[in-house]
Amino acid sequence: MNRLERKHPRAVRWMHWINFPVLTIMIWSGLLIYWANDVYEINVGGRTLFHFFPDWFYQALNLEHGLAEGMAYHFTFAWVFGINGFLYVLYTLLSGEWRYLLPNRHTPREAWEVVLHDLKLRKTPLPKAKFNGAQRLAYTGVILMGALSLLTGLAIYKPTQLAWLTFLLGGYAWARVEHFALTIGYVLFFVIHISQVIRAGWNNFRAMVTGYELVAEEAKVNA
């Protein structure tokens, strides 16, 4: 017999679904800005293995000649991104949700068990918890990435007015590298997160939409 069990509070769900399109717009507008000075590439022995990004990439996504548009969108939605992130952190602190989210001394071991389970190398089921070890590391990490994105973004936007911040981040060039690397990190997070959601199935997705997941009574008793 199954029952519906509360999993995600309404505030968390709202801020999650707000953040998804906002971050997507931030990445898109950031690429419009980056196109004007796309200097990063992977070199080995003086040979370029990959340039961020090839011309066909910009053409396919219509990212060429959009610097002004990109800056307008980027700076506008940065406010939404920052405010939404601040409210999320504030809510988790005040509501006590941070207890389920922050890593603890058991988290590295639990995360490794999740990896072994996903690779089919661990046969026993994972302990029942709101967030497993891998999720705790990933979700806490992406919150820290958001804070760093705002700081590095401010440093490269106002390098003179915020010279102290730019200096702490290693200078303008390094702050720009860090900002770019964080963007790549978001894309990788998106790919892994969405693939894991698909793998977990409809019940897990529904929990982030409605706030409730379907739980087997027998599994709940044994947990």
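Let's start with His179, which touches His74, Ser149, Thr152, Gly153 and Ile156, leaving out residues up to four places away in sequence. Keep in mind that this is a predicted model. His179 sits in helix α8. Is His179 buried or exposed? Its relative accessible area is 18%, and buried means under 20%, so His179 counts as buried.

Now stay with α8 and look at its partner, α1. Helix α1 covers residues 10–35 and helix α8 covers residues 172–200. Their axes are 11 Å apart, and the packing angle is about 135°. The two helices are therefore oblique to each other, and their crossing is left-handed. Which residues make the contact? From α1 we have His16, Phe20, Leu23, Thr24, Ile27 and Tyr34. From α8 come Arg176, Phe180, Thr183, Tyr186, Val187, Phe190 and His193. Sorted by class, that contact has 8 nonpolar, 4 polar and 1 charged residues.

Setting aside neighbours within four places in sequence, Tyr34 is in contact with Val39, Tyr40, Phe52, Phe53, Tyr58, Arg176 and Phe180.

Tyr34 also brings us to the largest nonpolar core, which has 27 residues. Touching the most other members are Leu23, Tyr34, Phe53 and Tyr186. The elements giving two or more residues to this core are α1, α2 (55–60), α3 (67–95), α6 (133–157) and α8. Which of them gives the most? That's α1, with 9 residues. As background, nonpolar side chains tend to be buried together in soluble globular proteins.

Thanks, everyone!

Methods:
Residues are numbered from 1 along each chain as its sequence is written. This is a predicted model: local features need pLDDT of at least 70, side-chain atom pairs count only at pLDDT 80 or more; totals for chains, interfaces and linings use all residues. Side-chain values use heavy atoms; hydrogens and water are left out. Axes are lines fitted to C-alpha atoms, for helices over the stretch in contact, and angles run from 0 to 180 degrees between N-to-C directions. Helices (H or I, at least four residues) and strands (E, at least two) are DSSP runs, numbered from the N terminus. Angles under 35 degrees count as roughly parallel, over 145 as roughly antiparallel, 65 to 115 as roughly perpendicular and the rest as oblique. A crossing is left-handed if the near helix is turned anticlockwise from the far one by less than a right angle, and right-handed if clockwise. Contact means heavy atoms within 4.5 Å. Ala, Val, Leu, Ile, Met, Phe, Trp, Tyr, Cys and Pro count as nonpolar, Asp, Glu, Lys and Arg as charged, and the others, Gly among them, as polar. A nonpolar core is a set of buried Ala, Val, Leu, Ile, Met, Phe, Trp, Tyr and Cys residues joined through side-chain atoms within 4.5 Å. Buried means under 20% relative accessible area, exposed over 50%, partly exposed in between (1.4 Å probe, protein chains only).
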